[in-house]
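Have the model open as you read.

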Amino acid sequence: MQSFKGWPPAALAWFSELEQNNNREWFQANRQTYDEAVRGPLEALLAEVNEEFGDGKVFRPNRDTRFSADKTPYKLQIYAVLYHPGRGGWYVQLRKEGLFAGGGLYDPDRERLAAVRSAIAADDTGPKLEEVVTKMEAEGLELMKYGALKTAPRGYPADHPRVHLLRLPHLAAGIFHPAGDWLHTAEAKQRVVEAWRSVTPLLEWLAGTAGPTARTPGEL
């Protein structure tokens, strides 16, 4: 396994060219660049952080086009997930625009979301989450607010002191770093590790309040 030295400029160029040639013929003709410049460095990074964060899974480049009007076969990003022993996990994604790193609980099933919201609302567990979120935001991470409800979920008062957290359909956070020369060096690993360490208290809160359960498909 190669040591992680960042992603070479060829990785970002590869994504730009894929965007213009998103077909099987082009992908196969340029598979070596994907393996060596895109996927290879990500696998090297995961190997180097294994002792602290555990095993990671790199997801396939193929898109699921069965229920999409967009039939282009390949994703314009590469990403990996490392699962936390309790609940949720760490996440990293590279695309031509830059690098995203973070983690948490994404797209939970209804039962799990209900358990998390109950813990958010409870006076013995909710305030700790507020502390965790405040610290993450001070370190540059942002909560994922995509799909947030406009008001409190059913069963919770609209004036609940943590309604801003109750409204979230995910409990995840991360930071996006626009592409720069740093991406081609070992500094990329440092930025990923810093983000994962920042989000770890959130994962520990999730594990301690809702408990470990089997993951559902697509869920961190």
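A residue counts as buried when its relative accessible area is under 20%. Keep that cut-off in mind, and bear in mind too that this is a predicted model. Trp14 comes out at 3% relative accessibility, so Trp14 is buried.

Now for the rings themselves. Searching the whole structure turns up twelve aromatic pairs. One of them joins Trp14 and Phe27, with 5.6 Å centre to centre and 75° between the planes, an edge-to-face arrangement. This pair links distant parts of the chain: Trp14 belongs to helix H1 (residues 9–20) and Phe27 to helix H2 (residues 24–29), 13 residues apart. Phe27, like Trp14, is buried.

Trp14 has another partner in Tyr34. Here the ring centres are 5.3 Å apart and the planes meet at 40°, so this pair is tilted. Because Trp14 is in helix H1 while Tyr34 is in helix H3 (residues 31–48), the contact ties together parts 20 residues apart in sequence. Tyr34 has a relative accessibility of 2%, so Tyr34 counts as buried as well.

What about charges over rings? Look at Phe59, where Lys57 lies over the face at 4.6 Å from the ring centre. Then move along to Trp182: the charged end of Arg191 sits over that ring, 4.0 Å from its centre.

Technical notes: Residues are numbered from 1 along each chain as its sequence is written. This is a predicted model: local features need pLDDT of at least 70, side-chain atom pairs count only at pLDDT 80 or more; totals for chains, interfaces and linings use all residues. Side-chain values use heavy atoms; hydrogens and water are left out. Rings of Phe, Tyr and Trp (its six-membered ring) pair if their centres lie within 6.5 Å; planes under 30 degrees apart count as stacked, over 60 as edge-to-face and the rest as tilted. Helices (H or I, at least four residues) and strands (E, at least two) are DSSP runs, numbered from the N terminus. Buried means under 20% relative accessible area, exposed over 50%, partly exposed in between (1.4 Å probe, protein chains only). A charge sits over a ring if NZ of Lys or CZ of Arg is within 6 Å of the ring centre and within 35 degrees of the ring normal.
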